Each structure stands twice: as C-alpha cells, then as structure tokens.
Amino acid sequence: MVLLSAPRWLRSRLTDRFWRVQEVLKYARHFRGRKNRCYSLAIRSVRRAFVKSTKARREKKRFLRALWITRIEAASLEHGLKYPSFISNLLKSQVELNRKMIADLAIYEPKTFKSLAALAQRRRQEGFLAALGDGKEPEGIFSRIVHHC
Amino acid sequence: MGRDFSGRDFLEETDRKVSLVFAAEVVQKVNKMIAMGQYGRLFAVVHFASKQWKITSEDLIMMDNVLEAECGDRIRMEKVLLVGADDFTLIGRPLLGKDLVRVEATVIEKTESWPKINMRFRRRHNYQKKKIIVNPQTVLRINTIEIFPCLS
C-alpha cells in the first residue's frame, strides 16, 4: 500500500548546522573577546563589520583624495606656490594629471614636480600680465591653447 | 610671491626674445640627448582604463575590469600624459604625440578579484541584504617605454 503523507516520526532536521555556523565564525576569528568563538555574539559583530566595510569603500575615495591634496599642497609650498594657484595654473596650461599622479610625482620624482611648479608659476605670471596689461603686451607662451586633431 | 606689477618691466620685448631663444636651445639639447640615448630608465604617466598610472618598464599593472585581448597579446598604450628621465621631462598638453612615445605592454593573466562582501543592515527593522561581488581583473606587464627624437 502507498502512503500519501509522511508519518509523524519522520522529521526533517538540520544536518549541516556546524558548517553554517563556521561560515560566520571564519570572518570573526581575528576579533577580540568572546565574539570570536560564540555564534550569537559573532553574528552581530560580523554583520557590523560587513556594513562598515561596505560604507568605508565609498569613503576611501574621499579621504585618499584629501590625502593627495595635502601632499600636493605641502610639496608646492616647498616651491613657493599655494595649492589653489598650482592646480588652477596647471589646468589652464592644459596639463591633465590627476591629484594621485601629482602626489606620486612629488614623492618619487622631485625634479619633475619642480618643473611642474615652474610651469604653473610661469602661467600664473602670464595670467597676471594678461589681466593687468589690457592687451598692450603680447600673449604669453604658455597661455596658448594647443588643439589636437 | 611678493612681486610688484605696477611697472611693465617684467617681461619686455627683449626678455621675450631671450626666453624664446633659450627655449629653442633647451628643445635642441633635449632632442640631441634623446637621439644619443643619454637617458637611463624612463617613466611615463599613462591614462588607461579610466585611471592614470605611473609606470616604468618591467612594471606590473592590475586593472579592475576586463580587456578584450587574449593572454600574451602585445598592447600599445596611446594616451601618454608625461614621460620623464633623470635629466628631462616631456609634459603633454594634455597628451604627448604618438610619434614621440611608444609604451608597450603584454597581457599576463585574467583572473577574478577576491569575493568582496556588500552588506546592508538596518537594526530593529528586520532588513538585511548580503551580496558577494567578484570583479574580473587583468594583469599587464609593461615591456618597454621608448621615445623618439622628434621634438620641435
């Protein structure tokens, strides 16, 4: 005879509870205190850790940029320029290096950074001349805009 | 810089001619140096995969995306922003010409990143989502950076 429904003594019980718990505990092994051993405490800490790492990935971009700007400011002050004038004059001379690159050059290639600072300084003087001279002086060399095909 | 701009003597006509001649001399000197090969290791700043990289030869670069080239293919990187050696730097406005610099690279491996976990959780509201993100990555080895003496 065929039984249409399962008998009551047949239960579906969890057999891989150990591995499910280990999946969470493996992320908590380097934590401090009981939360690296006990599941109930660990699951809370692990969840917070994941959420914090997700949010930090977005903020990392922000504070790395702030770090680069600080470094560029320090390096350009060594050459007698302030950060806003350095960056604005570099952009006006059509040099499109981003802040990460300029910070790296300031650390590892000091001569190149010095030449960039000199370029920005020269463009700055030409800008002042153009503003104060009112057309009687010829145009600056570095103020010319280069057009690519 | 505390300079006085009231007088127009800052960049007179003769100064300008002197600076132009000086500029032409510098360009010729650099051209000769490149032609004679008197430079050591070159470094270049290259715009690639929407990022800027400072590279030399024998460098390894890892991009966080896929490149439509097989492993072992040679690639030429065309958007070069800056090339430098010990004694001179060539700054592009914004790019350097393709007949001036040549940067070659080889695709070494194409893998996936480690599984990054994206989790959102709101306490006391029974809301949590967990997503595992695996990005494809490509590793390139920069073979050579060459410059040619065609400055003007």
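**Entry 1: the interface**

Across the interface of chain A and chain B the rule finds 2 salt bridges.

I note here that this is a predicted model, in which local features need pLDDT of at least 70 and side-chain atom pairs count only at pLDDT 80 or more, while totals for chains, interfaces and linings use all residues. Residues are numbered from 1 along each chain as its sequence is written, chains are lettered from A and ligands numbered from 1 in the order in which they are written, and side-chain values use heavy atoms, with hydrogens and water left out.

I then looked up the polar contacts between chain A and chain B and noted 9 residue pairs, both residues at pLDDT 80 or more (a pair of N or O atoms within 3.5 Å; within protein, one must be able to donate a hydrogen and the other to accept it, and residues adjacent in sequence count only if both atoms are side-chain atoms). On the side of chain A that touches chain B, the elements giving two or more residues are α2 (39-78), α4 (99-108) and α5 (110-133), and α5(A) gives the most, with 13 residues. Helices (H or I, at least four residues) and strands (E, at least two) are DSSP runs, numbered from the N terminus.

For the whole contact (heavy atoms within 4.5 Å), I recorded 40 residues from chain A and 31 residues from chain B. The buried area is about 3,300 Å², of which carbon and sulfur atoms give 59%; this is the accessible area (1.4 Å probe) that two parts lose on being put together, summed over both.

**Entry 2: a strand in chain B**

Is strand β5 (residues 80-84) of chain B buried or exposed? I found that 5 of its 5 residues are buried, so β5(B) is largely enclosed by the rest of the structure (buried means under 20% relative accessible area, exposed over 50%, partly exposed in between, with a 1.4 Å probe and protein chains only).

I next traced its partners, where two strands pair if DSSP finds at least two bridges between them. Strand β1 (residues 43-48) of chain B pairs with β5(B) in the antiparallel sense over 4 bridges, and Ala44(B) stands opposite Val83(B). β5(B) and strand β6 (residues 89-91) of chain B run antiparallel, joined by 3 bridges, with Leu82(B) opposite Ile91(B), and a hairpin of 4 residues connects β5(B) to β6(B).

Note on methods
Salt bridge = Lys/Arg side-chain N within 4 Å of Asp/Glu carboxyl O.
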